Amino acid sequence: MNVKHKKNAIKGACISLFVFLFLFGCKKQSKATTNSYEENRTPFLLLQKQYIQDLTSCMRYMDSIGVTKNERQLKQYYLMARNYFKKVEPILSFVDAENYTFLNQPNILKVEEDDYTDIKIKNPKGFQVIEETLYEETLALDKIHANAKLIAARLQVVKESTKLDYLKPYHFLWIIRNAIIRVGVTGITGFDSPVLENSIKESAIVYQSLKTYVRFFENTFTDSREYEQWNVLLDAGIQSLQGDFNTFNRYTFFKEHVHPALRLWNATVQDWKVSFPFSMAITNNTESLFSNETFDLSYFSSEKFEELDKDKIVLGKKLFHEKKLSASETVSCATCHQANLQYTDGKKIRKGITRNSPTLLYAALQKGFFYDKRAGGLEGQIVSVVGNENEFHSDLKKMTKAVMSDTIYMQEFGRLYPNGVSEHTIRNAIATFVRSLIPFDSKFDRNINNLENTLTASEINGFNLFSGKAKCATCHFAPVFNGTIPPAFKESEMEFIGVPQNKDTINATISTDLGRYQVYKTPERKYFFKTSTIRNSALTAPYMHNGVYDSLEEVVDFYNRGGGAGIGAYAVYQTLPPEPLGLTDQEQQDLIAFIKTLSDPVMEGVY
């Protein structure tokens with residue numbers, strides 16, 4: 001199915017009553033004032049008033065936590081503070097991302113490595129620290145009180161500095177969309193409620209907050225029916241966000257609430273006649289998170305472009321297979337990344353290379369490259385490959401000379417690039433080809449986009465386990481299922497999961513590869529590796545950076561035991577929770593069944 005037909009099929013899908021009404025119902029004119037939206041600042045004044053009110057309530061409960069000693073009261077106050085934090089989350093995360101991230105950071109050591117002279121090691125602070133401390137066997141009051149006072153002080157600063165008067169219509173629409181996406185891909189997964197697993201209830205609070213915000217803008221709609229549809233949609237979402245964390249049907253929620261919300265959001269953009277000054281990670285007209293048109297690829301690139309140049313993709317593909325770029329003229333990019341193996345090489349570790357060859361499918365949708373994230377972009381990654389004595393064993397000048405010796409290449413570069421052949425244009429052409437490798441054409445994609453209805457009960461349960469009980473989605477975020485954190489997609493996470501040197505389930509030893517440590521020599525970063533995509537995993541064995549596991553069954557068993565800590569390879573900084581997941585044999589089979597639905601057809605990389 002081509003992109004145009006696929007997009008039209010997604011747009012045409014409707015799966016609930018309110019979507020049907022939205023698409024086919026009769027329009028009714030609103031009672032909007034005659035003033036233009038830009039002139040009417042009332043909604044923003046109401047928005048700020050509500051925001052400040054909720055911030056204040058959150059801060060007051062944190063103040064109470066800071067002085068309370070009774071464990072039962074502490075837990076009650078924490079739940080109330082957390083509820084109000086979720087109320088402000090849509091706005092806070094958008095207008096003050098730094099403070100939001102600080103307040104909601106995971107309870108693990110934070111390491112910031114800007115360069116060799118600026119490395120910061122920071123102990124975790126914020127809500128998740130309090131949550132985990134509150135439910136430890138021994139109540140550490142000093143730690144709880146200190147964090148509560150710090151959070152309250154930070155909230156006070158946020159409150160005093162908050163002014164929403166600069167917001168414009170597109171800002172508000174981005175706030176709404178980001179919140180809807182966050183709920184779908186991190187909110188309901190337990191990403192920021194690791195102990196209480198209170199994520200379903202907290203997501204309902206976010207939806208309730210969105211309903212309040214939309215109400216402030218009722219008179220902005222020229223078609224009052226769209227405002228009514230927002231109420232119906234958000235009410236339906238709130239109603240569905242109930243029940244047990246482990247049994248919540250995330251697949252149904254996504255199909256019946258997240259994607260319909262994106263379609264309604266796009267209709268609201270049209271109704272308000274809003275134009276956007278630029279695109280963020282997700283394009284401004286997307287109606288599905290699982291499409292090759294979901295992302296603005298230039299957001300993840302060092303250069304800005306409207307769309308990929310198809311002729312550059314063709315040129316880049318040719319260079320990708322070009323062995324003359326290597327000193328020996330026997331190695332190309334395709335040597336380690338073969339299309340028929342989903343752009344891997346099927347080997348544990350290729351001779352002369354230190355790590356398993358990862359897939360290049362979806363590689364463009366991340367903010368760090370190589371397992372240790374030593375490169376910040378695709379063009380930069382190519383530099384390292386060219387210079388590696390066990391790969392191209394060359395340099396950029398020799399590579400450029402090799403390309404310039406070919407008259408056909410010279411003609412193509414002269415046609416496609418104003419400056420013709422150069423180190424940069426060669427790397428850009430190859431990177432453009434790699435950026436085209438984002439098919440989103442797996443069985444799962446086709447089902448969640450309503451292009452077919454073929455998922456089995458086991459596969460659906462596997463997705464729900466992946467996003468719930470198994471906690472996979474707290475590190476492998478949909479829709480790419482890699483470590484780049486939505487909805488901003490600004491950072492690709494690194495984790496220490498304790499991958500063993502050899503297969504061992506009792507007395508394992510951690511792989512001798514020190515990972516990120518080798519980049520900056522930061523002791524707290526030993527054994528950290530970038531979180532790779534799960535997509536196409538069924539076709540890209542063996543697994544892990546050292547290829548230690550040959551099957552998905554072995555990988556799932558490793559996680560189910562608690563990672564390295566669960567097989568005897570305990571280490572202080574392991575980020576993967578060391579407790580066993582408690583998955584049954586059937587649940588493990590279901591999880592693997594879902595992972596297999598993420599396999600794309602073999603793709604040559606040209607649309």
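Predicted model: local features only at pLDDT ≥ 70, side-chain atom pairs only at ≥ 80, totals over all residues.
**Exercise 1. At what angle do the axes of helix H4 (residues 71-95) and helix H8 (residues 169-185) cross, and within what distance do they come?**

Residues are numbered from 1 along each chain as its sequence is written, and side-chain values use heavy atoms, with hydrogens and water left out.

*Solution.* 
- Step 1. Two packed helices are described by the angle and the distance between their axes.
- Step 2. Find the helices, which are DSSP runs of H or I with at least four residues; strands are E runs of at least two, and both are numbered from the N terminus.
- Step 3. The axes of H4 and H8 cross at roughly 115 degrees and come within 9 Å.
- Step 4. H4 is therefore roughly perpendicular to H8 (65 to 115 degrees; under 35 is roughly parallel, over 145 roughly antiparallel, the rest oblique).

**Exercise 2. Which residues of H4 and H8 meet?**

*Solution.* 
- Step 1. Apply the contact rule: heavy atoms within 4.5 Å.
- Step 2. H4 contributes Glu89, Pro90, Ile91, Ser93 and Phe94.
- Step 3. H8 contributes His171, Trp174, Ile175, Asn178, Ala179 and Arg182.
- Step 4. Sort the residues of this contact: six are nonpolar, three polar and two charged.

**Exercise 3. Which residue forms a salt bridge with Lys75?**

*Solution.* 
- Step 1. Look for a side-chain nitrogen of Lys or Arg within 4 Å of a carboxyl oxygen of Asp or Glu.
- Step 2. Glu71 is the partner, with the closest N and O atoms 3.1 Å apart.
- Step 3. Both residues lie in helix H4, four residues apart, about one turn of the helix.
- Step 4. Lys75 counts as partly exposed because its relative accessibility is 22% (buried is under 20%, exposed over 50%, partly exposed in between; 1.4 Å probe, protein chains only).
- Step 5. Glu71, at 35%, also counts as partly exposed.

**Exercise 4. Are Glu587 and Lys469 buried or exposed?**

*Solution.* 
- Step 1. Glu587 forms a salt bridge with Lys469, the closest N and O atoms being 2.9 Å apart.
- Step 2. Glu587 lies in helix H23 (residues 585-596) and Lys469 in the loop between helix H19 (457-466) and strand S3 (494-495), so the pair ties together parts 118 residues apart in sequence.
- Step 3. Both are buried.

Notes:
Axes fitted to C-alpha atoms, helices over the stretch in contact; angles between N-to-C directions. Nonpolar A, V, L, I, M, F, W, Y, C, P; charged D, E, K, R; others polar.
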